[in-house]
Amino acid sequence: LRTILLGPPGAGKGTQAEKIVEKYNIPHISTGDIFRDNIKNGTELGKKAQEYMNKGELVPDDLVIEIATDRLLKDDCKNGFLLDGFPRTVYQAEKLDAFLEAHGQELDKVIDLEVGEDLLMIRLTGRRVCKACGASYHVVNIPPKKEGICDKCGGELIQRPDDNAETAKNRIDVYNEQTRPLVDYYEKAGKLASIDGSTPLEQTFKDIVAALGE
Ligand code: AP5
Ligand code: ZN
């Protein structure tokens with residue numbers, strides 16, 4: 001299965017991605033996670049990406065494309081993958097198409113998670129992530145058993161630096177300007193499945209599986 005999860009910040013891409021990769025046994029490739037790992041490890045790439053991420057802007061295309069295609073060349077992607085947060089511009093999508101074509105591969109489906117802006121803001125500002133393992137929670141919707149502590153590993157839960165209200169709003173605006181055109185792009189390619197991402201997460205997952213096939 002070769003698939004992309006599209007959708008605005010806070011639509012639930014990361015949350016659903018965890019469930020999708022488990023069911024279909026494919027690697028989860030999140031460009032956002034790759035950048036955050038690099039920031040944590042203090043790499044040059046991390047330093048470059050951080051400047052943009054902290055403002056809620058997109059990291060420059062060329063940097064992202066190189067990272068994503070390097071990752072797609074790894075052995076575990078031979079039989080499928082889930083891309084989360086990539087592509088994010090029409091230019092990135094064109095480069096991905098060219099890459100897949102050059103490797104004799106084709107996308108099966110693009111899942112577009114749709115959620116209204118008010119709900120996105122509630123989800124983003126209420127999100128807490130585990131400093132140690134990256135697991136994601138929500139203070140109201142998906143609270144951890146013990147406040148501030150990760151259920152899975154006992155790590156400390158923190159707010160992502162780009163989840164404050166001002167930066168979150170900017171990320172949504174950037175999505176509408178630069179990423180939303182991809183909905184049309186994949187619709188025209190006959191690949192798009194639009195899913196309501198505002199439903200409870202088990203329902204959203206069922207709808208995604210129905211679109212991808214068992
Ligand atoms: P990235 O890490 O990709 O972030 P994003 O797209 O902004 O998406 P989020 O991780 O914020 O949201 P999500 O949809 O995964 O939602 P989640 O499941 O956590 O990118 C970060 C930055 O990196 C970008 O701003 C950019 O600078 C850079 N970058 C990355 N890729 C790039 C690219 N290709 N090109 C250029 N730059 C790039 O859910 C959100 C919250 O809601 C959680 O608290 C969750 O618990 C809760 N929730 C989820 N689903 C439900 C539900 N059904 N019901 C109730 N609550 C729910
Ligand atoms: Zn954890």
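Predicted model: local features only at pLDDT ≥ 70, side-chain atom pairs only at ≥ 80, totals over all residues.

Visitor: Which residues are the protein donors of the zinc ion (ligand 2)?

Guide: Donors are N, O and S atoms within 2.8 Å of the metal (3.2 Å for Na, K and Ca); water is not among the atoms, so sites may look incomplete. Here the SG atoms of Cys 130, Cys 133, Cys 150 and Cys 153 lie 2.2 to 2.4 Å from the zinc ion (ligand 2). Their spacing in sequence is C-x2-C-x16-C-x2-C.

Visitor: What is the geometry of the site of the zinc ion (ligand 2)?

Guide: Ideal angles for four tetrahedral donors are 109.5 degrees. Four donors count as tetrahedral if all angles lie between 85 and 135 degrees. At this zinc ion the angles among the four donor atoms are 95 to 115 degrees, and the site is tetrahedral.

Visitor: Is Cys 130 buried or exposed?

Guide: Buried means under 20% relative accessible area, exposed over 50%, and partly exposed in between (1.4 Å probe, protein chains only). Cys 130 has a relative accessible area of 4%, so it is buried. Cys 133, at 41%, is partly exposed.

Visitor: At what angle do helix α2 and helix α3 pack?

Guide: Two packed helices are described by the angle between their axes and the distance between the axes. Axes are lines fitted to C-alpha atoms, for helices over the stretch in contact, and angles run from 0 to 180 degrees between N-to-C directions. Helices are DSSP runs (H or I, at least four residues), numbered from the N terminus. For α2 (residues 31-40) and α3 (residues 44-53) the angle is about 115 degrees, and the axes are 8 Å apart.

Visitor: What of helix α5 and helix α8?

Guide: The axes of α5 (residues 90-102) and α8 (residues 181-188) cross at roughly 35 degrees and come within 9 Å.

Visitor: Which residues is Ala 165 in contact with, leaving aside its neighbours within four places in sequence?

Guide: Contact means heavy atoms within 4.5 Å. Ala 165, which belongs to helix α7 (residues 165-179), is in contact with Met 121 and Thr 125, its neighbours within four places in sequence being left aside.

Definitions and conventions:
Residues numbered from 1 in each chain as written. Chains lettered and ligands numbered in written order. Heavy atoms only, no water. Tetrahedral: all angles 85-135°; square planar, octahedral: opposite > 155°, others 65-115°. Helix = DSSP H or I, 4+ residues; strand = E, 2+ residues; numbered from the N terminus.
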